[in-house]
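The following note sets out some points on the structure shown below. Each point is meant to be read alongside the coordinates.

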Amino acid sequence: MSLLEPVRGNAAAADMSRFYQIFFEETAEQLTAMESLLLGIDTSQPAAEAIDAIFRAAHSIKGGSGTFGFRDMAALTHEAESLLARVRKRELALNAPMIDALLEAGDVLRAQLSVHRGEPGMAVDAGPVVARLNALASGAGRPKDDACITGGTDAVASSAMPAPPPGQQEPPADFGFFSPEPAAQSADPGYGLFDDGPGPAASAAPPAWGRRSTDDPTIDAAPAGRRCGEKRVVSALGEASSIRVSVDKVDQLIDLVGELVISQAMLAQRCAALREAQREPLLDGLSALERNTRSLQDAVMSIRMLPMSFVFNRFPRMLRDLALKLGKQVELRTEGEQTELDKGVIEKISDPINHLVRNALDHGIELPAARVAAGKPARGVVSLRASQRGGSALIEVEDDGNGLDRARILAAAAERGLSPSAAMSDAEVWQLIFAPGFSTAETITDVSGRGVGMDVVDRNIRALGGSVEIDSTGGSGTRISVRLPLTLAIMDGMSVSVGGYAYVIPLACVVELLAPGSRAIRSVSGQGRVVEVRSEFLPVISLAEKLDPRGPRSPNGPPGESDGQIMVIVEVDGGRTALLVDELYGQHQVVVKSIETHYRRVAGVSGATIMGDGKVALILDIGSLVRQARH
Amino acid sequence: MNGSAQQPVMAGNDWSGAHVATDEAEYLVFRLGEEDYAVDILHVREIRGCDPVTRIAEAPPHVTGVINLRGSIVPVVDMRVRFGLKAAAIDAFTVVIILNIAGRMVGIVVDSVSDVVRLGAQQRKPAPDFGAALGTRYITGLASLEERLLILIDMEKLVNGTQGGLFDAAAA
């Protein structure tokens with residue numbers, strides 16, 4: 001196997017197109033890995049492995065884009081690689097401008113990649129970045145200030161570096177083998193082996209990596225060879241080995257397992273109806289079937305789970321850029337990135353968490369001078385923590401900034417006519433910031449302060465079936481805790497019967513169940529109905545009327561009509577509502593399915609599930625049902 | 001092949017019948033009341049008995065509800081109601097044709113399925129203009145086969161029709 005020359009790649013372009021997708025995905029991963037390495041690097045003492053890994057990532061992208069004929073990307077990575085090669089050979093010392101330039105090059109590459117992917121977007125001019133990289137690589141762009149000093153100390157540091165452990169003695173001169181002549185390296189079959197040498201993980205792995213790439217006949221030699229480099233970078237992020245499978249296939253698997261569970265339940269039901277003597281021989285097999293289907297279901301569901309690092313990985317860069325803009329100093333600490341959540345939750349949680357992190361830096365962390373004056377280190381800390389607590393995930397965003405300002409929140413709330421009282425507990429005061437349009441920012445910046453923030457965060461997280469809690473201590477920081485269900489694909493639900501059909505109410509919003517009994521449902525001015533529960537009047541919604549306008553019940557019928565029904569008290573947006581249902585079936589986990597796959601959106605319905613008898617039950621969107629009834 | 005077969009029909013002006021061999025297409029014939037309808041067999045996914053249907057709130061009258069088709073939630077349309085006939089009673093003998101239209105599945109309730117026929121271009125004739133009442137825009141043509149008159153319908157248009165369309169405009 002050998003890496004293909006760019007020219008050959010072009011000639012074979014027609015055959016290559018089916019490999020584009022792999023290249024696109026791999027390159028996107030390489031760019032992410034490169035970015036996180038660049039951000040993690042300490043310019044005063046750059047780790048040799050990190051520089052090697054960055055170099056490898058750049059090199060892989062260059063080779064891949066050359067192979068597939070994406071010349072713009074190949075040209076740009078070539079420049080980045082030349083700079084990195086000199087850093088690697090210790091001809092140049094890594095400094096902050098270089099990191100900036102390389103990060104920028106990464107951004108441009110990402111833009112170029114999306115253009116090649118055919119995504120909408122503007123073509124980006126790589127000229128300025130190329131010029132910057134060139135200047136830095138030639139040493140001319142090297143400023144005379146601190147970078148020079150860094151360079152000096154770094155040279156000393158490198159010569160004084162401890163001898164590498166046995167088995168890893170790669171004289172630095174060996175690096176030169178790859179870097180000066182870019183054309184030579186692309187044809188080197190041993191690249192993966194040699195290059196992994198200095199890395200600690202590599203000593204155990206090289207033969208395996210080498211074989212892997214040759215053993216993979218379905219993938220073109222070039223991407224396969226590249227995969228070695230990539231996998232090593234990815235493994236640094238905590239992933240061992242994996243295959244790419246489209247989400248459709250996984251969802252199909254989940255559907256099939258769901259069907260299997262239903263068939264199993266049906267068999268169990270039929271068996272229970274048999275006479276004792278007939279049932280006996282079946283019981284063992286049936287209970288084994290049940291156990292196995294359950295574990296199969298769990299295993300299949302876990303395929304859709306992704307680690308939180310998918311969300312956390314974007315923050316180092318974002319915080320760095322934001323801190324520069326705001327003139328603040330900040331350090332990001334992350335914990336529990338390996339906590340796994342369903343892909344659907346991960347995708348939807350990204351924006352709210354993003355907002356919380358921005359807030360933590362913008363509103364929480366003070367300017368360095370103010371921090372020092374308060375006796376705190378100039379550099380603030382934003383911590384992101386994820387962990388699993390029972391059936392839910394807990395994500396915490398914490399800063400060691402100034403904390404929430406009770407007086408200011410109260411004043412701002414009063415301005416907005418929210419009638420706060422000074423007697424409110426801290427927790428109640430903090431809840432005020434979730435009010436729509438709430439902002440205490442003195443100036444509106446493009447970072448935050450428009451007051452379209454916390455209410456959106458709160459609403460989005462509630463829509464996922466989660467909750468947000470705030471904990472803040474004046475002067476020493478704020479912690480926002482977000483609780484989320486681990487998966488959207490399975491939900492705890494309460495199944496009820498309305499008008500002869502089964503419906504599922506998400507358990508998360510059920511507060512209690514009541515038989516109306518003596519509690520009279522009263523009609524108010526002929527418009528709506530209320531019921532008194534614990535000396536509180538709750539609006540009453542008859543699900544039968546809401547869900548079946550064609551049904552026999554007339555709207556706003558006489559109050560006595562609901563006799564024998566059951567009330568499900570639900571809480572939505574902090575307010576309680578009583579839902580009238582005919583019958584209660586029970587509480588169980590349901591597999592959530594979209595009805596929009598083959599139908600359109602239905603108001604008041606968030607999805608559907610398949611019950612044990614194979615029938616479809618609609619899952620009610622209680623939030624929209626209640627809001628609809630209020631207007 | 002499907003497209004090329006239907007193109008002249010929809011254009012309604014090329015009835016030369018010169019390409020008999022290549023213009024043939026297969027149609028599934030089903031019965032509604034006294035009429036025979038035919039739908040392009042390439043849209044047909046399967047024919048099955050009707051499972052219990054779950055009603056959907058605020059659905060147009062012809063949308064009977066949704067069924068569970070091996071784990072997928074599939075809407076069911078009563079063709080009798082769609083064509084202004086009396087609603088069919090849904091029982092174990094009700095026949096549902098599952099159609100695949102642009103990647104979406106939909107079940108249509110019909111009285112019965114009779115056969116699959118092969119129609120050449122010269123057998124397919126444009127439908128006369130019945131006026132707005134019958135919604136002729138869903139009818140791509142008529143065909144006579146032995147003693148029968150087959151009404152060729154464009155399921156795609158019928159299902160996505162602006163009134164009571166099954167799919168959201170954005171998604172469809």
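How many of the nine residues of strand β8 (residues 490–498) of chain A are buried?

1. The model is a predicted one. In it, β8 of chain A is mostly covered, with eight of its nine residues buried.

2. Strand β8(A) has a pairing with strand β16 (residues 583–591) of chain A, in which the two run antiparallel and are joined by eight bridges.

3. The cysteines deserve a separate remark. A:C271 counts as buried because its relative accessibility is 3%, and A:C509 counts as buried because its relative accessibility is 14%; the cut-off for buried is under 20%. Over all chains, the count of disulfides comes to zero.

4. A further point concerns a loop residue. A:Q45 lies in the loop between α2 (13–40) and α3 (48–67) of chain A. Is A:Q45 buried or exposed? With a relative accessibility of 59%, A:Q45 counts as exposed, since the cut-off for that class is over 50%. The C-alpha atoms of A:Q45 and A:L94 are 8.9 Å apart in space, while the two residues are 49 residues apart in sequence.

Key. Residues numbered from 1 in each chain as written. Chains lettered and ligands numbered in written order. Predicted model: local features only at pLDDT ≥ 70, side-chain atom pairs only at ≥ 80, totals over all residues. Heavy atoms only, no water. Helix = DSSP H or I, 4+ residues; strand = E, 2+ residues; numbered from the N terminus. Buried < 20%, exposed > 50% of the residue type's maximum accessible area, 1.4 Å probe, protein only. Disulfide = S-S within 2.5 Å. Pairing = 2+ DSSP bridges.
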